[in-house]
Amino acid sequence: MDKHIYMDYAATTPVDPEVVAAMLPFFSNEYGNPSSIHRWGQRADYAITTAREEIAGILCCEADEIIFTSCGSESNNLALRGIALEARELNKGNHLIISAIEHPAILRTAQQLQKHYAFDVTILPVDQHGFISPKDLTNVIQPDTFLVSIMYANNEIGVIQPIAELAAITHEHNILFHSDAVQAAGQLSLDTEKLGVDLMSVSAHKFYGPKGVGLLYAKRNTLSHSHQTGGSQENGLRAGTQNVPLIVGMATALKIVSGRQSHDNSKMKVLRDKLIESVLDNISESILTGHRTCRLPNNASFAFEGIDGNELLMHLDLLNIAASSGSACKTGSPEPSNVLTALNLSPKLSLGSLRLSLGRDTKDSDIEYIQQVLPKVVNNMRGTL
Ligand SMILES: Cc1ncc(COP(=O)(O)O)c(C=O)c1O
């Protein structure tokens, strides 16, 4: 068996060779510190200024509204903690709202703000597809709410939230709106104006860029408190020498992905739908998690009754198929993820989840191979083969 099928693009993507080429000089010849006065420093500074401007063009914002970070998790931490610190200092409120299906980088940060800093946190429930209801959001807004953070697209079930509508409701009450767009980036529009977000997190390794670099978009005058103190890099909002090669890589990857997004999405949607139909038709007691159509083009996520999701991943790995159960960070944990729990699935179903996520290189033959082997593996595990 020499077939290797990577179906875990939602966990991470390979770095585009063009991105590698763009980064390389900044590891060797162009090694200056962007804060240095001399010409080595000036060239490094020019590289990150250019990257910032290119990214701002794609996000439809100003260059000084982009804060470079080390990853999507850090961007989420900076958004929540930075805004919370400011709210505390300026008496702007004590209450924040997140959703029940947020990534742990939001969920645990909010829980820490609650536990150690006495902030009041509301966790909004979702319906059986994973949608947040605009009406529910309106109902939980309080006079002292200072921030609403709701993810753009979910990492496990791919459901896409009505961000513009949720942001508009939030703004009616004069509250800031943050969105974790880590999974959306590369597949959905990141136009911050149209989305109406005040803050938005992005991570390069989800769109064929390098790992270890991300960004936080923060609308001018929304964020003034840093959660990492030190030098005055990134307008004083994120201390630490910028990672020049990775920042250049992120900008290059975002430019490339923006150019080919609609072509890649159409191709992935056809393959995704073929996969979904065949799994639901050929595997009994299986469900699709998330919404049938309002989902990321690359996400096909399921739950199989009576199956241990992690064991299923091992069987698939032996067949050279890379997949995920719940989110990558949860693998190994016997507990269903917060996302599957929020969908109110029966425990028998929620422990048997499988996420197959496609990428720009996924082929028809990959889907056909999965169609061929997955029902056999599931039936085998159930002892019905
Ligand atoms: C929705 C979402 N938010 C945040 C993150 C964290 O991003 P990073 O791996 O860059 O820290 C991920 C990663 O899987 C994610 O899917």
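User: How far is an oxygen atom of the ligand from an N or O atom in the side chain of glutamine 183?
Analyst: 2.8 Å. Keep in mind that this is a predicted model.

User: And what about serine 73?
Analyst: An N or O atom in the serine 73 side chain is 2.7 Å from a ligand oxygen.

User: Which ligand atom goes with aspartate 180?
Analyst: A nitrogen. The distance to an N or O atom in the aspartate 180 side chain is 2.6 Å.

User: How many residues surround the ligand?
Analyst: 13. The closest are Gly72, Ser73, Asp180, Ser203 and Lys206.

User: Switching topic. Where do the domains run?
Analyst: Domain 1 comes in two segments, 5-13 and 260-382. Domain 2 covers 17-256. Their C-alpha centres are 27 Å apart. The contact draws on 32 residues from domain 1 and 33 residues from domain 2.

User: How much area is buried between them?
Analyst: About 2700 Å², with 52% of that from carbon and sulfur atoms. On the domain 1 side, Thr13, Leu296 and Val339 lose the most area to domain 2, together 22% of what that side buries.

How values were computed: Residues are numbered from 1 along each chain as its sequence is written. This is a predicted model: local features need pLDDT of at least 70, side-chain atom pairs count only at pLDDT 80 or more; totals for chains, interfaces and linings use all residues. Side-chain values use heavy atoms; hydrogens and water are left out. Domain bounds come from an automatic or database domain assignment. Contact means heavy atoms within 4.5 Å. Buried area is the accessible area (1.4 Å probe) that two parts lose on being put together, summed over both. A residue is near a molecule or strand if one of its heavy atoms lies within 4 Å of it. A polar contact is a pair of N or O atoms within 3.5 Å; within protein, one must be able to donate a hydrogen and the other to accept it, and residues adjacent in sequence count only if both atoms are side-chain atoms.
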